[in-house]
Structure formats: C-alpha cells, structure tokens
Amino acid sequence: MIEEKFQNAVEIITKNDRGGYTVPTSKLYPHQWNWDSAFTALGISTYNKTRAWQELILLIKAQWKNGMIPHIIFHKNDPNYFPGPNHWQIKSNANTSCHSQPPVLASIIWDMVKNGNNYDLKKGQSLFNSLMAYHEWFFSARDPNNEGFISIIHPWESGRDNCPDWDLGLHNVNVPDNFGDYVRCDTSHVEISQRPTNKDYDKFMSIVEYGRNCNWDPKKMYDEGPFLAIDPGINFIFLKANKDLLSLAKLFNYKNRVNKIESWINKLEDGCQNFWNDKVKAFTAFDMRSNQFCDAITNASMLCLYASTGSDKQKNYTIKHCERILNSCVYGMPSVDPKHKKFESERYWRGPVWSIMNYMISHGLEHEGEYSLAKRIKDDTIKLIEVGGMYEYFNPHTGKGLGGHDFSWTAAILLVFGRDSSNLKFTTNK
Ligand code: DGY
C-alpha cells in the first residue's frame, strides 16, 4: 500500500515536470515557485540526483543581481495564472515576481550534500556563492536597520499568504479607488472557500501595485511600504538555513565565510527574542506598521524547534502548545490553533495542515528529543495522504484533501519521510 503511494509520488512529480523545473500543480500554479521547488528537489533527490540538482540550478539562475531569489519564476506565459509577469514589473521582459519566499534553499542543499556522495558535494559547492548572496540580500533588504530579525513586505513573502498573522497589517493597507478590475484565476481551479477572500486579494494586489510603482526599491518598501511584518516562519527558516550554510562552509573549509555566517547566526538568535509574545507564551507574528503582536499561535510558531532556538522555557512552552493542539484535532499540525477565533478548517493558511510544515516541525521535535510527538506528525502526514489524496493541504478534522491536487511538495515530503525512516523502504525504477 505505502509502496504504491511512493510510486504514485514519483509519478506526480514527473507529471509536473516542465523540463528542468517542476510546477507545484498544473493549472493552479503553472510556474516555478521558490520554496516549492526546493522541497520538490529534496523529494526528487531520493530517486534522481541529476534531476534534483537541475531543479535547484534553474531556480538559482533566476537570482537577481542584488542576490534576491524571487518567489515565482515565469518560464512561460500562462493565462491560467494571476498575477502574471506583467503585473509585477514595469519592464516588459519581466520573468519573475519581485519579492522572495521562505529561504529553505541552504537547508535543502545541506541535506542533499549530507546524504549524498562526491557528486552532490561538487554540486553543492558550485551553488555556495549564490546562497551567500541570497542570505546577504535578506539582511540588507529585510533587516536594513540591523536589528537581528527580518520583516516581510508582502504576505506572499511568508509563503503563508492569508494566515490570520497578516490580518492586522492588511487591515491598514489602502486599496485605491476603482481597484478591482482584475480577474482572479485561482478560484476557477479551487473553490473560493479554500482560498483567500476577494478582500485579501484586493489588499495583496494593492501592495503589488505599490511595489511596481516604486520599482520594488527595498528601502522604500521597508520604510514606507503598505505592509511590513515580522514572520516567525521566515525568521526561523532563515536561522536554520544559516546554520546549514555554516555546515556547508565548514565542509568546504571556507574560513572567512565561517566567521561571517557565525556572526549572522548570533545576531538572529538574539533577534528572535523580539517576537516572543509573552501574553500567549509563544513566538508569534508582529505587525511593524501598527506595532502590535498578532495573537495567533500557528504552525510557524513551532518552527523555533526546527531552528533550535529560544530559551529552554520558550521551547517547553512551544512543545506544550504542540501537544495541546495535536490533541484538539484528528490530524496535525493545523496551520492555526483550532481554539483561535479566526481558525477555519478549510481555508488555505487559516487552519489546514501542510506537509512541508509538518516536515520541518517533526525535525524540530526530534531534535528536542520529543520523538513521540514527531512520530505523531509524520504518521498524520502519511495518513492524510492516504485518506485525502496527494493534495496541497488538508482539513485537520476530517482529513479531506484541499486546494491543488497531485501536488509536488506533498509527494516530495512523502518520499523524504520514506528515505528518512527505516520502516518505510521503497524502490523506484530509476
Ligand atoms: C498564490 O498564487 O496563491 C501563491 O500562493 C502566491 O505566491
């Protein structure tokens, strides 16, 4: 049964292959997405290393001169997706979006090198400078005041687009008069009840319009843009990515860079304390424009364990939240605490379970020695795929598959769990 699922996972990823890059799913997301591609490459690396590195090389090829690796790369025009290339940039030859996404790349590359051979080492080494430039960009563009935490300029940059974390900030985003003469494509592929609302989209597109008008100038976006928030997810993923970049630098014996990355890590470890929300005893999002904490405990709050950061007390509180939230649903880890008033079991990042988040949280729990909680999350992920199908996200109460079907990163995470577990052996024909 499980062997069939692994085979099916490989078939789905192969079906979503567009020649050098893999779309998350056909129709709904017909381009190359940054963190989707990274997780998918990790899945592919379990059966075809050459193709896995090709995925990452093509992603990194889209890196901007300033170091930024964009969240979407438009290799082709596709009328099925909105907002396409023309909405992002004034330049007519634009082929990427203009902000980034959670920087899991260094962690994925470290995993592929660590679990690989000399071939993987060489490939990883050839991408090292691009990773350095990418991380430098995050510090300069998203922490220009050197405070030790990065802030996102658009909810899409968090990858958790419509999480309640951004409600405070989006509330204050001004939607220009007569705005709204655009047509969303996502809702012709997926029921609107599982997607962000039209009101969310007006706000998302207003921020894109602001960005386009200022040529996405990072300083202007940070100082004056309509939206600025601290995302615990991106901060913890970035901290973990820096720790994994450090492992790569040590392996390659890059002494100067080791010192530099160590200083980045120290800065970020201190910076995380800025978004410990003592009221709810968790790391939560913080809206920089209104200077207010968001009070939702989300699956991103749990990623402090993945980054292995915070005091023992903070980690213990987080583990208790994990336990409590897992006990309140059939399948964990929901994207928002089901007790929170804004929880919605089927709406995108406002409640559903996501396999990639489960992968990172289970790693963090294992690192803390919380093996049974980690196992529960891995088992739930596999059960969800069995019950709901290879979907984008899942209802934490019923297991129903939601959003895009035949989803690349869900397939990839299943393969990675298979690789990492001695009980889950499988073979492929590659
Ligand atoms: C979408 O189109 O919904 C994406 O999440 C934005 O990157």
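User: Which ring does Lys-240 lie over?
Analyst: Lys-240 lies over the face of Tyr-306, 5.4 Å from the ring centre. A charge counts as over a ring if NZ of Lys or CZ of Arg is within 6 Å of the ring centre and within 35 degrees of the ring normal. This is a predicted model, where local features need pLDDT of at least 70, side-chain atom pairs count only at pLDDT 80 or more, and totals for chains, interfaces and linings use all residues. Residues are numbered from 1 along each chain as its sequence is written, and side-chain values use heavy atoms, with hydrogens and water left out.

User: And what about Arg-257, which ring does its charged end sit over?
Analyst: The charged end of Arg-257 sits over the ring of Tyr-254, 4.2 Å from its centre.

User: Back to Tyr-306. What is Met-360 in contact with, leaving aside neighbours within four places in sequence?
Analyst: Met-360 is in contact (heavy atoms within 4.5 Å) with Tyr-306, and also with Trp-35, Phe-39, Val-104, Ile-237 and Leu-303.

User: Which residues touch the most other members of the largest nonpolar core?
Analyst: They are Trp-35, Phe-39, Leu-105, Ile-109, Met-357 and Met-360, in a core of 145 residues. A nonpolar core is a set of buried Ala, Val, Leu, Ile, Met, Phe, Trp, Tyr and Cys residues joined through side-chain atoms within 4.5 Å. Buried means under 20% relative accessible area, exposed over 50%, and partly exposed in between, with a 1.4 Å probe and protein chains only.

User: Which helix gives the most to this core?
Analyst: Helix H11, residues 232-251, gives the most, with 10 residues. Helices (H or I, at least four residues) and strands (E, at least two) are DSSP runs numbered from the N terminus.

User: Is H15 mostly covered or exposed?
Analyst: H15 is mostly covered, with 10 of its 13 residues buried. Among the buried residues are Met-357, Tyr-359 and Met-360.

User: New topic: how many aromatic pairs are there?
Analyst: The structure holds 36 aromatic pairs. Rings of Phe, Tyr and Trp (its six-membered ring) pair if their centres lie within 6.5 Å; planes under 30 degrees apart count as stacked, over 60 as edge-to-face and the rest as tilted. Trp-33 and Tyr-81 are edge-to-face, because their planes are at 80°, with ring centres 5.1 Å apart.

User: Where do those two lie?
Analyst: Trp-33 is in strand S1 and Tyr-81 in the loop between strand S2 and helix H4, 48 residues apart. Both Trp-33 and Tyr-81 are buried.

User: Why is the pair of Phe-139 and Trp-264 tilted?
Analyst: Their planes are at 40°, so the pair is tilted, with ring centres 5.0 Å apart.
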